[in-house]
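Here's a quick tour of one protein model, put together as a briefing.

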Amino acid sequence: MERGKMAELESLETAAEHERILREIESTDTACIGPTLRSVYDGEEHGRFMEKLEARIRNHDREIEKMCNFHYQGFVDSITELLKVRGEAQKLKNQVTDTNRKLQNEGRELIIAMEELKQCRLQQRNISATVDKLTLCLPVLEMYSKLREQMKSKRHYPALKTLEHLEHTYLPQVSHYRFCKIMVDNIPKLREEIKEVSMSDLKDFLESIRKHSDKIGETAMKQAQQQRNLDNIVSQHPRISGGKKSKKEVCASSDLEVPGAQDLVDFSPVYRCLHIYSVLGARETFENYYRKQRRKQARLVLQPPSNMHETLDGYRKYFNQIVGFFVVEDHILHTTQGLVNRAYIDELWEMALSKTIAALRTHSSYCSDPSLVLDLKNLIVLFADTLQGYGFPVNQLFDMLLEIQDQYSETLLKKWSGVFRHILDSDNYSPIPVTNEEVYKKIVGQFPFQDAELEKQPFPKKFPFSEFVPKVYNQIKEFIYACLKFSEDLHLSSTEVDDMIRKSTNLLLTRTLSNCLQNVIKRKNVGLTELVQIIINTTHLEKSCKFLEEFITNITNVLPETVHTTKLYGTTTFKDARHAAEEEIYTNLNQKIDQFLQLADYDWMAMEPGSKASDYLVDLIGFLRSTFAVFTHLPGKVAQTACMSACKHLSTSLMQLLLEAEVRQLTLGALQQFNLDVEECEQFARSGPVPGFQGDTLQLAFIDLRQLLDLFIQWDWSTYLADYGQPTCKYLRVNPTTALVLLEKMRDTSRKNNVFAQFRKNERDKQKLIDTVAKQLRSLINSHHS
């Protein structure tokens with residue numbers, strides 16, 4: 001039963017649902033009926049719904065039929081009215097058709113006119129559109145034409161600007177046209193063409209400045225030279241009316257108009273190329289290329305020609321190219337923003353400085369002409385001053401000049417060596433004769449000499465020195481001037497200049513002049529007269545050294561008392577030369593004495609002596625007298641030493657002559673003849689050939705000979721043997737060995753030639769005495785050795 005109730009309830013619900021759907025279908029728009037019908041098919045009672053739908057349709061049909069039956073008469077009446085209206089409508093149609101035909105006939109011309117008007121309006125619109133389009137296109141074409149014209153005339157930077165305007169302003173407005181697309185495609189090619197052409201211009205510019213570097217550098221160095229001259233004029237110009245001439249006035253009167261780098265080279269290509277590459281976004285590429293090429297050019301410029309050292313023009317051209325290179329780079333640095341920077345310039349300068357200094361060291365070392373070295377120094381100073389004016393540090397160049405100064409000194413020393421040799425070789429080594437006051441004052445003006453006695457003497461008179469004294473003195477001063485010239489413009493202090501001059505002058509005196517003097521003194525053919533004059537000359541030159549000190553002080557303004565001031569060694573130089581000359585005099589005298597002694601021809605077996613001294617000895621004494629007479633102008637000590645040396649050498653040589661091994665035997669007669677010769681020598685010593693000897697000092701040179709001869713001639717052996725070794729011994733200077741040698745020679749003669757014939761009665765006693773003396777002498781000799 002419950003099921004039956006549930007079925008009944010479901011049937012009622014389904015019927016209610018179908019009713020709702022039917023109402024919905026009746027009241028809903030047909031376009032939205034789909035969801036309603038779907039709800040029917042979604043359920044399971046669609047068969048029953050169809051039955052209910054058919055029943056509802058039949059119900060509506062009955063209602064429509066009722067309604068039609070109710071309005072039928074009205075419908076018939078309406079049809080009748082419509083039939084009447086149809087006839088009237090036909091008439092109206094005919095009238096409308098007639099009217100239309102007439103209108104068509106009348107409007108045909110109007111239609112043709114309207115068609116023509118339409119065509120005109122269409123053409124007008126096309127023309128207007130064309131004008132508008134041409135208005136947009138013509139500026140593009142004009143700009144492109146302008147671009148080609150600028151490129152043709154090589155105005156690349158304006159062409160690049162035109163290209164920028166064309167690309168970014170004009171072409172975007174007409175980008176849909178085919179010719180514009182061609183232009184757009186061509187723009188990169190045009191840019192590349194501009195880059196290539198501008199780069200070609202840059203290469204031409206680089207080649208141009210390479211060729212013009214010499215001229216640019218020459219011009220810059222002329223400017224520096226004229227500026228230096230101007231500064232000197234301004235600093236030296238005397239004050240007028242309480243004030244000095246202004247630099248501007250002096251400049252105006254000096255005509256200093258010299259073209260600069262910008263006047264000699266057109267820098268516009270590098271500016272244009274820089275701008276072009278900057279606009280094209282390739283500035284860094286351009287900068288790298290420019291710097292790389294300039295570095296290559298720098299290396300070429302810094303490579304000196306192999307023969308640069310031969311002439312000053314070689315150095316000048318080398319410097320001109322370097323200066324020209326850096327003047328251009330300095331101009332580029334200050335007229336472009338960053339194409340080159342200070343670091344790049346400094347790097348190039350460091351390279352240039354090291355290579356330049358190395359080249360100068362190498363090439364200047366080949367130079368042997370001091371004038372060329374001096375000119376080179378002036379050129380280096382100008383080179384340094386020029387570059388310093390552009391802000392480049394040049395201290396290393398001035399340091400190198402101090403090195404060249406040493407070389408300059410060496411070349412000066414070589415030159416002055418030749419000058420001194422010529423002076424010394426051409427000198428007559430005779431006192432300078434003067435015949436009048438004018439000549440006297442001229443020589444005194446050349447050499448600082450004062451002698452009150454000489455001034456009082458009447459003309460003609462003679463200076464004590466020969467011509468080489470004033471000549472050498474003046475050449476020393478010329479050398480000092482030459483040294484001073486090198487120190488100019490080196491920015492050295494007075495003390496440094498003074499020290500440099502003094503050191504160089506010391507080298508001149510101690511090395512160059514000293515060697516020249518020594519060579520003259522040591523010459524084979526130099527005579528005693530020349531040696532004496534050299535001693536006199538060097539004595540006066542030695543006295544002049546204080547005047548050379550004053551001369552240097554006057555030109556450097558540095559007092560000799562200043563700390564660390566170098567002293568001149570001239571005194572030492574002339575003393576050494578004088579001592580060498582003195583030694584040479586002593587040697588020369590001894591050689592002359594030896595030459596005379598070679599003429600000695602003693603008859604050692606003579607039984608009786610001659611009546612006078614030997615001829616050779618007389619001649620020798622005569623030579624010595626005349627020689628020492630020449631020594632009057634020599635310092636007393638030199639003359640005395642020479643005389644004493646000659647006498648000692650003569651005494652020693654005579655002793656050797658007497659004792660030489662070849663003389664195996666000698667007689668008393670020969671010994672007495674020899675004694676005559678020694679007495680002649682003693683007489684010469686007593687005559688005082690050279691003043692200044694105290695008492696018999698000079699005679700003491702022959703004391704050994706005198707005591708030996710007295711011992712043998714007086715046969716005073718008892719005294720000799722008894723007093724031997726005592727300070728008061730009469731024969732103190734007789735050596736027992738010497739006495740024994742001479743005694744042996746006389747003993748042999750006695751045995752063979754019976755020399756002691758006058759003692760015939762006591763011959764055996766005498767022979768025994770000789771043997772006894774000889775024995776005692778040997779005993780003395782042995783005791784002395786022990």
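Is the crossing of H9 and H11 right-handed or left-handed? The crossing of these two helices, H9 and H11, is right-handed (a crossing is left-handed if the near helix is turned anticlockwise from the far one by less than a right angle, and right-handed if clockwise). Keep in mind that this is a predicted model, where local features need pLDDT of at least 70 and side-chain atom pairs count only at pLDDT 80 or more, while totals for chains, interfaces and linings use all residues. Residues are numbered from 1 along each chain as its sequence is written, and side-chain values use heavy atoms, with hydrogens and water left out.

**Helix H9 with helix H11**

- H9 covers residues 283-301 and H11 covers residues 342-364 (helices are DSSP runs of H or I with at least four residues, strands are runs of E with at least two, and both are numbered from the N terminus).
- The axes of H9 and H11 come within 11 Å and cross at roughly 20 degrees (axes are lines fitted to C-alpha atoms, for helices over the stretch in contact, and angles run from 0 to 180 degrees between N-to-C directions).
- H9 and H11 are therefore roughly parallel to each other (angles under 35 degrees count as roughly parallel, over 145 as roughly antiparallel, 65 to 115 as roughly perpendicular and the rest as oblique).
- On the H9 side, Arg291, Arg294, Arg295, Ala298 and Arg299 meet Tyr344, Glu347, Leu348 and Met351 of H11 (contact means heavy atoms within 4.5 Å).
- Sort the residues of this H9 and H11 contact by class and you get four nonpolar, no polar and five charged (Ala, Val, Leu, Ile, Met, Phe, Trp, Tyr, Cys and Pro count as nonpolar, Asp, Glu, Lys and Arg as charged, and the others, Gly among them, as polar).

**Helix H13 with helix H16**

- The axes of H13 and H16 (residues 468-487) come within 11 Å, crossing at roughly 165 degrees.
- That makes H13 roughly antiparallel to H16.
- H13 passes H16 in a right-handed crossing.
- The H13 residues in this contact include Leu401, Tyr408, Trp416 and Phe420, and the H16 residues include Phe468, Val472, Phe479 and Phe486.
- By class, the contact of H13 with H16 has 17 nonpolar, two polar and two charged residues.

**Helix H18 with helix H19**

- H18 and H19 (residues 545-556) have axes that come within 4 Å and cross at roughly 35 degrees.
- Leu541, Glu542 and Lys543 of H18 make the contact with Cys545, Lys546 and Phe547 of H19.
- Here the contact residues of H18 and H19 split into three nonpolar, no polar and three charged.

**The two largest pockets**

- Rolling a probe the size of a water molecule over the atoms shows where empty space is left.
- The largest pocket holds about 290 Å³ of space (a pocket is an open set of points on a 1 Å grid over the protein atoms alone, where a 1.4 Å probe fits, with protein on both sides within 12 Å along at least five of seven lines; lining residues have an atom within 4 Å of a point). Grid points are joined across faces, edges and corners, and a volume is the space filled by probe spheres set on the points.
- Of the 15 residues lining the largest pocket, Leu402, Gln405, Asp406, Glu496 and Met500 are the closest to its centre.
- H13 gives the largest share of that lining, seven residues.
- The second largest pocket has about 230 Å³ of space, and Val526, Gly527, Leu528, Asn588 and Lys592 lie nearest its centre.
- H20 supplies the largest share of the lining of the second largest pocket, five residues.

**Two backbone details**

- The peptide bond from phenylalanine 459 to proline 460 is cis, with omega near -5 degrees, and proline 460 sits in the loop between H15 and S2.
- Tyrosine 429 has phi near 50 degrees, a positive value in a residue other than glycine, and tyrosine 429 lies in the loop between H13 and S1.
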